[in-house]
Amino acid sequence: HGKGTLKYYEIMNEPNIIFPFSAQEEYLPYLKAAYEEIKAVDPEARVVGLCNTSDMGGRMFPFFETSFKGGALDYLDIISFHPYGSPELASALSADSNIEEIKKLLERYSPKKYPLWNTELYYLHESPRGALPDERSKFDAHHVAWRFLTDLGEGLSQSMPLHSSQLIGNDNVPHPAYVVLNALARNFEGAKPVHKIKNNSRGTICYVYERGGELIAAAWQFKDSNVQAAIPQSGDLQILDMYGNKKSGNSSGFAFISSLLNTQEQEKIYLGSAPLYIKARGSSMTREEFIKILQSSFAEL
């Protein structure tokens, strides 16, 4: 029925909640049967398996390991997960550490590289203990950028957080995240991660990507810190805010006076929770040079 129309089939939603202690006996027969039937009809279709969650008491890593041991990797093309226990870089188990642990566990059971997909995350940030779903589902526009850029920076092939209903308010006014997502698509679609600069003491992250031969970085402050990080400013760099607008350190009228006096004074741009995008102008700057400029501001001291 779906041949030629459906390309991906995700087998079950969060089976580690349904079968918390019996992945091999109960979930894997479903995965195997679905995989064999789908491939028999449409060999080009891709099966997305496991769909593991850390929400609602779900034990993500035991279910992954039991499934890998039981042969699940023979019956899937893509591995999916729902990182509710690690929505942010500031989570107890940080978002990047969560992804890294999945990769390390996978390497123990297979030399093959399987694409990892984040296929659901309705709660994009940490909430107070006992918060109700309505409260947890509220988010600011920068939270969308955080997760998209983290998943991209950590090498995930797809990132599909949020439910469509979260992007439209009760008054039918689109959420500001629409504009953020537009800027992300225009600047990062098809990009590949090439470097990561994480400063835990200052709570800053800077991911470096390459897209069509062009270098672009995304940086933000993922937790509160008493130490501010200034964005490196150079004629070789262009800085955009998370909506795609060009930023300039010379935002005041004094910039004109400074230029007349030929001074080097420039108003600094400091990093905050809203990500800033840094582009290398032209093609003369090498990847190593671009990273070196960024490390001067963001690297751990």
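A crossing of two helices counts as right-handed if the near helix is turned clockwise from the far one by less than a right angle. Keep that in mind as you walk through this predicted model.

**Stop 1: α6 and α7**

Start by selecting residues 141-153, helix α6, and residues 177-188, helix α7. Their axes lie 8 Å apart, at an angle of about 25°. Angles under 35 degrees count as roughly parallel, so α6 is roughly parallel to α7.

Now show side chains. From α6, pick A141, V144, A145, F148, L149 and L152; from α7, pick A177, V180, L181, L184 and F188. Which classes of residue make up this contact? Eleven are nonpolar, with no polar and no charged residues between α6 and α7.

**Stop 2: α3 and α4**

Next, select α3 (residues 60-69) and α4 (residues 95-109). Here the angle is about 20° and the axes are 10 Å apart, which makes α3 roughly parallel to α4. This crossing, too, is right-handed.

On the α3 side, highlight M60, F61, F64, E65, F68 and K69; they meet N98, E101, I102, L105, L106, R108 and Y109 of α4. Colour the residues of this contact by class and you will find eight nonpolar, one polar and four charged.

**Stop 3: the largest nonpolar core**

In soluble globular proteins, nonpolar side chains tend to be buried together. The largest nonpolar core here has 27 residues, and those touching the most other members are Y27, L31, L50, F64, F68 and I79. Two or more residues come from each of α2 (23-41), β2 (46-53), α3, β3 (78-82) and α4. Which element gives the most? Helix α2 does, with six residues.

Centre on I79 and leave out its neighbours within four places in sequence: its contacts are G49, L50, F64, F68, L73, L106, Y114, P115, L116 and W117. Apart from this core lies another, of 21 residues, including W146, L149, I205 and F222.

**Stop 4: D96**

Finally, go back to helix α4 and select D96. Is D96 buried or exposed? Buried means under 20% relative accessible area. D96 has 5%, so it is buried. Beyond its neighbours within four places in sequence, D96 is in contact with L89, E154, K196, K198 and Y207.

How values were computed: Residues numbered from 1 in each chain as written. Predicted model: local features only at pLDDT ≥ 70, side-chain atom pairs only at ≥ 80, totals over all residues. Heavy atoms only, no water. Axes fitted to C-alpha atoms, helices over the stretch in contact; angles between N-to-C directions. Helix = DSSP H or I, 4+ residues; strand = E, 2+ residues; numbered from the N terminus. Parallel < 35°, antiparallel > 145°, perpendicular 65-115°, else oblique. Contact = heavy atoms within 4.5 Å. Nonpolar A, V, L, I, M, F, W, Y, C, P; charged D, E, K, R; others polar. Core = buried A, V, L, I, M, F, W, Y, C linked by side-chain atoms within 4.5 Å. Buried < 20%, exposed > 50% of the residue type's maximum accessible area, 1.4 Å probe, protein only.
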